[in-house]
Amino acid sequence: MKQKENLFVIVLSMAVGLSSLVFISTWLFDQYLPSITTTKNYSTKETIKKLIVSGNDFSGYSTFRSQAFQKTLKEVGLEDVRYQQELSFSKLAEHLNQGKVDIILTTLDQFLVNPTKGKIVGLIDTTVGADAVVLNTKKYPNLKSLIDLPQLIQQANTKGQQLSIAFAGDTPSEYLAMVLSSKFEAFKLSDFQLKKVADAGEAWKLLQDPNENVAIAIVWEPYVSQARQQGYTVVLSSKDAPGTIIDVIVASDRLVQSQPGVIEQFLSAYYREMDANIRDASRLQTEIAAVNNLSPSEAVIAIRGIDFFTSLEAQKWLTDGTLNKKIRSTAAVLTLAGKRKELPLSSESLYKSELIAKAAQNTKNLIDEVRSDNPDLAKKLEGQEMASIPNLNQNQIGTAPNIGNLQLRGEVKFKTDSALLTNEARLTLDKLAQEIGDFNEQTVALRVIGHTSATGDPEANQKLSQQRAEEVVKYLRQRGLNHNIFAEGKGSKEALPGLPGEDRRNQRTEIRLVRVGN
């Protein structure tokens, strides 16, 4: 390794006079990286010739199915790694448990739903728009947000009809439906006839069928883009709630226990490929197009909806408690929906953090070598690219399209004739702040809307409702939220449907999400 280091210094010195920093970075990737990733810290007794990896045809898994990855696997000592396609998440777990496959690619929610004799050893991506909730605005013109659902459901029930929701069963689409049902007050799966289909294409067809009463479909790309183009309302996507759908690498317990070095090799090869894709985005586009038989434009759309983990980001999630938190929150949604009997007793027992260490160290070494010449590339490899939060005024937030009102886990109460929050209200807002934190600051803003009953002076009620809304915004800010938030007092102007204006139940606070980005 000493000779390689000396050679590296010589070549770098010769390159200083060159005008193109891109050339230097490319040379580092092509020449220096292989010498890093092929260094082994594990026993050669652990090396095996054959490994079976299984997953579906999701674009985010394209690298695992590519020829470039096969070449890299051989370079790190894994000579026979086969990709076995399986569309059913439950069968993926079943095959892992039966010893038919060694590693599966799945989503975090499906890993928690299907009993699996395996551990999460790496993270692939989070979807950021590739999955979305689409409202059938073309058939129901007044259906433009989740807030509009109760009235539409009531109208259908009056006619002896029941609205439907369509999604691919036992997939992230179904989990996204569960998330909505747990977070938004106007959306309850029990209000709909569930149309579980085999894939998103069937759900998309049902949404377009004029003979069906499908009010909502949950689909993935390319149907999300098609829905937007054809005038349907995409009310919420995985871009608005990043981290909701997470793809993970799961290794069988027998492989983790008997040959951890093989997993380490596999992860090093995979994240080496991802490092190369970060350097050259066109490489990933070409790879996804070739593996999935897509056009270049379709591949661009697919990439746009996926946020891939670097090895350093994945290691951070595995070691700093982020993954543990995601497991707990995902399991809670599944438990509320009846998909799990209870929360896992020990979330830490579901993953192994140490096996990604070698891949992360390889990337760190690479970053050290390219940082001075290409700091932007170094930041990308570290996963430090951060999108800026738009600076919006009250009018922009107040007129933004509604998504829906969040469900409150308790009540937001104030002291009598006062804008001072009660202790109970503070506890409710503490829980709410955690849930709001899961939504994207770049695409989602909040309207905090205060209401009073019609008892007393209207002008005083208006002033009090505004003060109370502002107090809630202030408290949420103190909890570390960076979203654009707008306080709005409605006084007694908007009583709840079916209630007289004087009813005290009209004294309430709405926490409404609105869309401020694509």
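**Entry 1: H11 against H12**

I looked up how H11 and H12 sit and found them roughly perpendicular to each other. This is a predicted model. The two axes cross at roughly 115° and come within 4 Å. I noted the spans: H12 covers residues 281-292, and H11 covers residues 260-279. The perpendicular label holds because angles of 65 to 115 count as such.

Next I listed the residues that meet. From H11 I wrote down Glu273, Ala276, Asn277, Ile278 and Arg279. From H12 I wrote down Ala281, Arg283, Leu284 and Glu287. By class, I have four nonpolar, four charged and one polar residue in this contact.

**Entry 2: the nonpolar cores**

I then turned to the largest nonpolar core, which has 63 residues. Phe64, Ile120, Ile249, Phe266, Leu267 and Tyr270 touch the most other members. Helix H11 gives this core its largest share, eight residues.

I checked Ile249 on its own. Leaving out residues up to four places away in sequence, its contacts include Phe64, Ile120, Phe266, Leu267 and Tyr270. Ile103, Ile104 and Leu105 are also among them.

**Entry 3: Leu343**

Last, I looked up Leu343. I found Leu343 in the loop between helix H15 (322-336) and helix H16 (357-370). Its relative accessible area is 35%, so I recorded Leu343 as partly exposed. Beyond four places in sequence, Leu343 touches Arg328, Ala331, Ala332 and Thr335.

Technical notes
Residues are numbered from 1 along each chain as its sequence is written. This is a predicted model: local features need pLDDT of at least 70, side-chain atom pairs count only at pLDDT 80 or more; totals for chains, interfaces and linings use all residues. Side-chain values use heavy atoms; hydrogens and water are left out. Helices (H or I, at least four residues) and strands (E, at least two) are DSSP runs, numbered from the N terminus. Buried means under 20% relative accessible area, exposed over 50%, partly exposed in between (1.4 Å probe, protein chains only). Contact means heavy atoms within 4.5 Å. A nonpolar core is a set of buried Ala, Val, Leu, Ile, Met, Phe, Trp, Tyr and Cys residues joined through side-chain atoms within 4.5 Å. Axes are lines fitted to C-alpha atoms, for helices over the stretch in contact, and angles run from 0 to 180 degrees between N-to-C directions. Angles under 35 degrees count as roughly parallel, over 145 as roughly antiparallel, 65 to 115 as roughly perpendicular and the rest as oblique. Ala, Val, Leu, Ile, Met, Phe, Trp, Tyr, Cys and Pro count as nonpolar, Asp, Glu, Lys and Arg as charged, and the others, Gly among them, as polar.
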